[in-house]
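Hi everyone, thanks for making time this morning.

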Amino acid sequence: MSVIYLLISISIFVAVGFFIAFIVAVKSGQYDDDYTPSVRMLFDDEIKKIPQKQIQTTEEKQN
């Protein structure tokens, strides 16, 4: 039974260590995306392609 208490306490310390490492990484800007916002305006919007069948039916309706 004492082994279970030992394993639980060790796992809690490891989890707290990983949590602290995560918080430090977030605070230092490790996960900030500096590249995408600067080039977002250069990306073209995708043009929706209309199937040829719809174009023909649209032209027929206009005539």
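So, what pattern does the chain follow, read along the sequence? It goes α-α-α, with 3 helices and 0 strands in the chain. Please keep in mind that this is a predicted model.

Let's start with helix 1, which covers residues 2–27. After helix 1 comes Gly 29, which has a positive phi, near 85°.

Now, how far can we trust it? The chain has a mean pLDDT of 80, and 68% of its residues reach 70 or more. Confidence is highest in helix 1, at 96, and lowest in helix 3, residues 52–62, at a mean of 59. Where pLDDT is low, the predicted coordinates should not be read in detail.

Last, the surface. Of the chain's 63 residues, 3% count as buried. The accessible surface is about 6600 Å², and carbon and sulfur atoms account for 63% of that.

Conventions:
Residues are numbered from 1 along each chain as its sequence is written. This is a predicted model: local features need pLDDT of at least 70, side-chain atom pairs count only at pLDDT 80 or more; totals for chains, interfaces and linings use all residues. Side-chain values use heavy atoms; hydrogens and water are left out. Helices (H or I, at least four residues) and strands (E, at least two) are DSSP runs, numbered from the N terminus. The expected span of a helix is 1.5 Å times one less than its number of residues. pLDDT is the predictor's confidence in each residue, from 0 to 100. Buried means under 20% relative accessible area, exposed over 50%, partly exposed in between (1.4 Å probe, protein chains only). Accessible areas come from the Shrake-Rupley method with a 1.4 Å probe; for residues, only the protein chains shown count as cover.
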